[in-house]
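User: I am new to this structure and would like to know what stands behind the terms used for it. Please take me through them one at a time.

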Amino acid sequence: MSNKTQEIEGMEVVYQRPSTLTDAVMHYCPGCGHSVVHKVLMEVVEELGIQSDIIGVAPVGCSVLAYHYMNIDMQEAAHGRASAVATGIKRVLPDKYVFSYQGDGDLAAIGTAETIHTINRGENILIIFINNAIYGMTGGQCAPTTLLGQVTSTTPYGRKAEDIGFPLNITNMISTLPGAYYVTRQSVHTANAVRKFKKAVKASFEYQKQKKGTCFIEVVSNCPSGWKLTPKETVEYLDTVMLPHYPVGDIKVPETEKAVKAAEAILEEV
């Protein structure tokens, strides 16, 4: 980690930045979860010492410029095709750690077929899925994950099931596929949530090292610009609106992990 100090309102603030992040100023809106996810992901890469052994794939979306920020090998993919590109990379370079980094408009809309078939084949990659329930980059349109009643630029009176259908809970859906080894839903809007997300990323890379199959991490994230809320208001919106529909926690874990979690729960009660 490298430290960077900055004076804010007469106070000296120290930031810790992993060496696996570049010095480039991120383009994300204030309060957006992407920057936090980037930092945590690169912290794990640094701590595991796999900077030269990992390849990320980012498609079209808010994360389209991710290669400016992550100081690792990155590959750009067409909209929705990141998991297919990641599959090709992993098959050619099976000893590399490979992950795709995708938003809900990408993974759960134009990329639904690629996502499902990648996981059904049990490709040995990690898929990171950022779900902010909206098309963040192209103008705040309704996405497959947009909630009923949620206002977007294309649903100014709120999403109606009779017009557009119900919100797609793709993470629960793909968890039923036999190729899915580890499936979890996390968030990064609190310090405790960040710690749990980081633990999930570490576990996913360990499973990939063991060649277990596809690991899938959904991150329920905020979008202040798309939701037309302040960064502070989006945290409350996450807690009161988003997370009741997309609850955080592990959805599919290995049997050995279930035993460990059960033991941890017993110890917490003692």
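Analyst: A residue counts as exposed when its relative accessible area is over 50%, and as buried when that area is under 20%. The model shown here is predicted.

User: Why is Lys211 called exposed?

Analyst: The relative accessibility of Lys211 is 58%. The cut-off for exposed is over 50%, so Lys211 counts as exposed. Lys211 sits in the loop between α7 (191-209) and β8 (214-220).

User: What makes the phi of Lys211 worth a remark?

Analyst: Most residues other than glycine have a negative phi. Lys211 is not a glycine, yet its phi is positive, about 60°.

User: Which loop holds Lys228, and what is its phi?

Analyst: Lys228 lies in the loop between α8 and α9 (231-245). Its phi is near 60°, again a positive value in a residue other than glycine.

User: How do you know whether Lys228 is buried or exposed?

Analyst: Its relative accessibility is 68%. Exposed begins over 50%, so Lys228 counts as exposed.

User: How much of the protein chain counts as buried?

Analyst: Of its 270 residues, 46% count as buried, a label that needs a relative accessible area under 20%. The chain exposes about 12,800 Å², and 56% of that comes from carbon and sulfur atoms. Its secondary structure comes to 10 helices and nine strands.

User: What is known about the second largest pocket?

Analyst: It holds about 360 Å³ of space. The lining has 24 residues, and those closest to the centre of the pocket are Gly136, Cys223, Ser225, Gly226 and Trp227. Helix α8 (residues 224-227) gives the most to this lining, with four residues.

User: What makes a residue such as Gly226 part of the lining?

Analyst: A lining residue has an atom within 4 Å of a point of the pocket, and Gly226 is one of the residues that line this pocket.

User: How do helix α2 and helix α4 pack?

Analyst: Helix α2 (residues 82-92) and helix α4 (residues 112-120) pack at an angle of about 35°, and their axes are 8 Å apart. Ser83, Ala84 and Thr87 of α2 make the contact with Glu114, Thr115 and Thr118 of α4.

User: Which classes of residue make up the contact of α2 with α4?

Analyst: This contact has one nonpolar, four polar and one charged residues. Ala counts as nonpolar and Glu as charged, and the contact includes Ala84 and Glu114.

Methods
Residues are numbered from 1 along each chain as its sequence is written. This is a predicted model: local features need pLDDT of at least 70, side-chain atom pairs count only at pLDDT 80 or more; totals for chains, interfaces and linings use all residues. Side-chain values use heavy atoms; hydrogens and water are left out. On a 1 Å grid over the protein atoms alone, a cavity is a set of points where a 1.4 Å probe fits but cannot get out, and a pocket is an open set with protein on both sides within 12 Å along at least five of seven lines; lining residues have an atom within 4 Å of a point. Grid points are joined across faces, edges and corners, and a volume is the space filled by probe spheres set on the points. Helices (H or I, at least four residues) and strands (E, at least two) are DSSP runs, numbered from the N terminus. Buried means under 20% relative accessible area, exposed over 50%, partly exposed in between (1.4 Å probe, protein chains only). Accessible areas come from the Shrake-Rupley method with a 1.4 Å probe; for residues, only the protein chains shown count as cover. Axes are lines fitted to C-alpha atoms, for helices over the stretch in contact, and angles run from 0 to 180 degrees between N-to-C directions. Contact means heavy atoms within 4.5 Å.
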